Amino acid sequence: MAELHPILWIMLAAVAAPLLAELPRDARVPVVVFEILLGIALGPHGLGLLAFDGFVAVMFGIGMGATLFMAGMELDFKHISGAPLGLALGGWGLSLLIGLAAAALLYLTPLVHAPVVVMLALSTTALGTLLPVLRDAGQLDTNFGRLFLAAGTVGEVGPVVAMSLAMSQHYSSWQEAGLLLVFLGLVLFMALAGGRKQPPRLVELMRRHLHASSQLPVRMALLLLAGYFVVADAFGFENILGAFAAGMLVGMATRGHENKTVRHKIDAVMFGWFVPFFFIGTGLKFDLPAIFGTLGTALLVPAFATLLLAARGLPVWLYGQRLQRHERWPFALMSAVASLSLVVVITDIAVHTGHIGSSVAAALVGAAVLSVLLFPTLATLLLARAAGAGQPHQSGPR
């Protein structure tokens with residue numbers, strides 16, 4: 001059984017995860033959590049049916065890029081501009097300060113020697129994971145939803161850019177800043193070009209190939225992903241920044257009802273094939289013995305989860321009267337749901353570059369999983385309880 005091709009085991013886990021998520025329970029658990037758990041079960045610390053090497057390792061890297069590509073596609077700055085974006089930026093800046101202070105304290109222990117890595121991991125927010133939760137709760141079009149969309153967007157974009165700069169070992173700080181400006185200028189140029197009205201002949205070409213075997217629009221999106229992977233790497237940044245930028249561009253170019261089919265096809269390719277390799281591969285790499293090897297490392301998981309709540313939750317007090325009293329704790333809890341994909345990416349790169357050890361990386365990923373399991377459930381319960389108690393729903397000042 002262990003000699004079967006890894007594709008079979010990966011696809012079995014990819015199918016089993018959403019089925020397990022459908023099982024009746026009081027709180028809905030995100031599919032990605034089951035993918036990671038199944039990866040652990042199939043991996044060397046479980047049944048030993050899969051190893052993180054060869055084909056699986058290559059697809060893990062591609063799946064990482066696909067995950068960040070889809071996160072970029074979700075961004076729509078038109079819905080969060082103005083006061084929500086300003087508050088989100090201020091809140092994320094405060095999160096960085098809180099995260100850095102917490103990392104500095106942990107730096108005094110013999111376990112953590114990478115304050116910047118810990119700070120970035122504590123500053124993420126899982127916007128993609130929480131969008132379905134907000135939609136199901138009817139919060140997307142409310143004042144609460146608009147403010148959180150802005151906070152979640154900055155919690156996804158900020159760590160990607162900061163990580164790419166912090167982890168780069170090719171250039172000096174001034175060179176990195178200059179190259180980042182050039183790279184962002186290239187992204188902006190492509191975004192402006194993509195946002196303009198397309199020539200009718202090009203539109204007709206895309207339409208004809210959309211349902212043909214060539215699938216040209218989907219192939220062009222994948223080409224853009226590959227191209228920005230290479231460009232970002234050539235500029236000396238982590239290639240995930242290129243994947244994220246490519247996703248933003250494709251997202252801008254495919255807004256609107258007429259492009260819904262294209263987006264669905266891209267979703268199918270990314271989430272149906274590439275992304276499962278990333279999350280299941282994360283489970284394969286998850287080092288359980290490293291977490292429970294010592295008491296100190298084991299205690300890092302709840303400690304990091306608490307720090308996530310502090311770093312991303314405390315900035316809720318910046319919002320003042322823009323949030324009603326009963327909305328503050330749910331907002332703090334949702335903001336503290338770590339972006340599992342980003343935490344995995346951050347820790348994977350940090351281990352590869354020697355910034356942290358595998359035990360600390362496993363503890364950070366474990367804390368991120370814990371936040372995904374607990375915080376959205378608690379936030380939803382608090383919102384539902386407030387609604388049941390007849391709390392007035394107001395749009396709030398803007």
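Reader: In which helix does Glu 156 lie?

Author: In this predicted model, Glu 156 lies in helix H7, which spans residues 143–167.

Reader: Which residues does Glu 156 touch, not counting residues up to four places away in sequence?

Author: With residues up to four places away in sequence not counted, Glu 156 touches Ala 71, Thr 125, Ala 126, Leu 127, Gly 128, Phe 244, Ser 339 and Leu 342.

Reader: How many salt bridges does a search of the whole structure find?

Author: The search finds one salt bridge. Asp 348 forms a salt bridge with Lys 285, and their closest N and O atoms are 1.9 Å apart. This pair links distant parts of the chain, with Asp 348 in helix H16 (residues 340–352) and Lys 285 in helix H12, 63 residues apart. Lys 285 counts as partly exposed, at 34% relative accessibility.

Reader: Let us turn to the aromatic rings. How many aromatic pairs does the structure hold?

Author: There are eight aromatic pairs in the structure. One of them joins Phe 60 and Phe 278, at 5.2 Å centre to centre with 40° between the planes.

Reader: Are Phe 60 and Phe 278 buried or exposed?

Author: Phe 60 is buried, with a relative accessible area of 4%, and Phe 278 is buried with a value of 0%. Ring pairs also link Phe 52, Phe 60, Phe 278 and Phe 279 into a cluster.

Reader: What is the geometry of the pair formed by Trp 273 and Phe 277?

Author: Trp 273 and Phe 277 form an edge-to-face pair, 4.9 Å centre to centre with 70° between the planes. Both residues lie in helix H12, four residues apart, which is about one turn of the helix. Trp 273 counts as partly exposed at 31% relative accessibility, whereas Phe 277 is buried at 0%.

Reader: Which residues have the most contacts inside the largest nonpolar core?

Author: The largest nonpolar core has 120 residues, and those with the most contacts inside it are Phe 69, Ile 266, Met 270, Phe 304, Tyr 319, Phe 331 and Met 334. Helix H17 (residues 358–388) contributes the largest share of this core, 13 residues. As for Ile 266, the residues it touches are Phe 69, Met 70, Met 73, Ala 221 and Val 250, not counting residues up to four places away in sequence.

Reader: What can be said of the protein as a whole, and how many helices and strands does it have?

Author: The protein has 17 helices and zero strands. Buried residues make up 48% of its 398 residues. Among contacts with a separation of 6 or more, 78% are accounted for by residues 24 or more positions apart.

Reader: How does one judge the span of a helix, taking H2 as the case, and what span is expected for H2 at 1.5 Å a residue?

Author: The span from the first C-alpha to the last is compared with the expected one. Helix H2 (residues 31–42) has twelve residues and reaches 17 Å, close to the expected 16 Å. H2 is mostly covered, with nine of its twelve residues buried; among them are Val 32, Phe 34, Glu 35 and Gly 39.

Reader: Finally, how is backbone phi to be read, and what is the phi of Gln 215?

Author: Most residues other than glycine have a negative phi. Gln 215 has a positive phi of about 50° although it is not a glycine. Gln 215 is placed in the loop between helix H9 (200–210) and helix H10 (216–234), and counts as partly exposed at 22% relative accessibility.

Conventions
Residues are numbered from 1 along each chain as its sequence is written. This is a predicted model: local features need pLDDT of at least 70, side-chain atom pairs count only at pLDDT 80 or more; totals for chains, interfaces and linings use all residues. Side-chain values use heavy atoms; hydrogens and water are left out. Rings of Phe, Tyr and Trp (its six-membered ring) pair if their centres lie within 6.5 Å; planes under 30 degrees apart count as stacked, over 60 as edge-to-face and the rest as tilted. Buried means under 20% relative accessible area, exposed over 50%, partly exposed in between (1.4 Å probe, protein chains only). Helices (H or I, at least four residues) and strands (E, at least two) are DSSP runs, numbered from the N terminus. The expected span of a helix is 1.5 Å times one less than its number of residues. Contact means heavy atoms within 4.5 Å. A nonpolar core is a set of buried Ala, Val, Leu, Ile, Met, Phe, Trp, Tyr and Cys residues joined through side-chain atoms within 4.5 Å. A salt bridge is a side-chain nitrogen of Lys or Arg within 4 Å of a carboxyl oxygen of Asp or Glu.
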